[in-house]
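Please consult both while reading the points below.

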Amino acid sequence: MNFFEKTDFGNGIIRISTPFDVYVYLIIGREKAALIDTGYGVGDLKTYIRSITELPLIVLCTHGHVDHASGSDQFEEVYLNHNDWYLERSHTTIEKRIEFAENLSGIRPKEEDMILQRTRQYLDIESGKKIDLGGLEIEAIACPGHTQGCMCYLVKELRMLLLGDACNSRSFLFYPEASKIQDYLISLEKLNARSDDFDHVLFFHPDNFGDKNNIEENIEVCKEILSSKDDHIPFNILGCDVFAAKEVYSDGRRVDGKSANILYTSEKL
């Protein structure tokens with residue numbers, strides 16, 4: 001079974017589609033390569049990566065959720081911010097991955113296709129850490145909110161920011177590990193202060209869309225929520241009763257034509 005499909009952007013960045021609608025990204029420099037996230041851990045991602053490059057490889061996780069860090073056991077040098085280490089333990093069990101994927105897609109993954117849960121220690125990554133791949137440098141930028149260990153990765157030479165789930169067209173702030181809206185706003189404002197360093201953003205799920213203005217729009221939505229001026233529409237997702245800050249069409253796009261939306265609970269106010 002073919003679990004993966006690549007899109008080569010032609011600038012050293014390759015987007016890889018993995019099972020259950022998750023993208024991971026391979027960044028290839030002259031001397032090293034970096035894999036950003038490992039998906040649900042379904043299928044032999046390592047062998048697929050090695051069919052693309054044999055360069056020394058590091059893995060940088062954006063955060064510890066089930067759909068972003070579950071394939072990490074295949075790789076030696078894997079970085080994850082320490083604030084998500086405990087979260088990753090509970091999120092990347094095979095049982096959790098099967099349950100989550102099935103709830104999202106209606107398709108139950110086969111247990112024999114699942115990579116084992118990682119047992120080795122992660123390496124910590126802090127905001128400001130820079131990794132030189134040879135001709136391309138990656139900088140980690142913290143943006144806690146979706147989880148407390150959320151990291152974005154800036155490729156300076158390409159003026160490209162990989163967002164993970166830190167800031168999407170539909171940002172999730174309803175799980176227990178998510179920040180309150182006010183704290184998320186502070187994170188977004190810090191991230192937006194770096195906007196002169198990038199021209200483009202990359203999302204990790206195909207249902208997300210927009211450009212770098214998505215960050216400013218999420219800031220705007222946070223402020224509307226805090227001032228009780230958002231649309232505050234009851235919504236159910238993944239079995240959770242939440243509120244959507246902005247009214248959307250059936251395809252998830254905002255009625256007013258902008259891109260950013262936030263799903264949140266009253267506990268996050």
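The points that follow are grouped by topic.

The model is predicted: local features require pLDDT of at least 70 and side-chain atom pairs count only at pLDDT 80 or more, whereas totals for chains, interfaces and linings use all residues. Residues are numbered from 1 along each chain as its sequence is written, and side-chain values use heavy atoms, with hydrogens and water left out. Helices (H or I, at least four residues) and strands (E, at least two) are DSSP runs, numbered from the N terminus.

**His 68**

- His 68 belongs to helix 2 (residues 66-69) and is buried, its relative accessible area being 0%; buried means under 20% relative accessible area, exposed over 50%, and partly exposed in between (1.4 Å probe, protein chains only).
- The side chains of His 68 and Asp 37 are joined by a polar contact of 2.7 Å; a polar contact is a pair of N or O atoms within 3.5 Å, where, within protein, one must be able to donate a hydrogen and the other to accept it, and residues adjacent in sequence count only if both atoms are side-chain atoms.
- Leaving aside residues up to four places away in sequence, the residues that His 68 touches include Cys 61, Asp 165 and Phe 204; contact means heavy atoms within 4.5 Å.
- Between His 68 and Asp 165 the separation is 97 residues in sequence and 9.2 Å in space, C-alpha to C-alpha.

**Asn 81**

- Asn 81 is located in the loop between strand 6 (78-79) and helix 3 (85-91), and with 3% relative accessibility it counts as buried.
- The Asn 81 side chain reaches the backbone oxygen of Ile 125 at 2.9 Å.
- Beyond four places in sequence, Asn 81 touches residues including Asp 124, Gln 148 and Met 151.

- Helix 6 (residues 213-226) has 14 residues and should span 20 Å at 1.5 Å a residue, which agrees with the 20 Å between its end C-alpha atoms; the expected span is 1.5 Å times one less than the number of residues.
- Among the buried residues of helix 6 are Ile 215, Ile 219, Cys 222 and Glu 224, and their cover includes strand 10 (160-162), strand 11 (171-173), helix 5 (181-192) and strand 15 (262-264).
- Ser 228 lies in the loop between helix 6 and strand 13 (233-237) and counts as exposed at 63% relative accessibility.
- Most residues other than glycine have a negative phi, but Ser 228, not a glycine, has a positive phi of about 60°.

**Pocket and cavity**

- The largest pocket holds about 680 Å³ of space. Of its 33 lining residues, Phe 20, Asp 21, Tyr 40, Leu 104 and Ser 105 are the closest to its centre.
- On a 1 Å grid over the protein atoms alone, a cavity is a set of points where a 1.4 Å probe fits but cannot get out, and a pocket is an open set with protein on both sides within 12 Å along at least five of seven lines; lining residues have an atom within 4 Å of a point.
- Helix 4 contributes the largest share of the pocket lining, 4 residues.
- The pocket lining divides into 16 nonpolar, 9 polar and 8 charged residues.
- The structure holds 1 cavity of 30 Å³ or more, and the largest cavity contains about 50 Å³ of space.

Note on methods
Grid points are joined across faces, edges and corners, and a volume is the space filled by probe spheres set on the points. Ala, Val, Leu, Ile, Met, Phe, Trp, Tyr, Cys and Pro count as nonpolar, Asp, Glu, Lys and Arg as charged, and the others, Gly among them, as polar.
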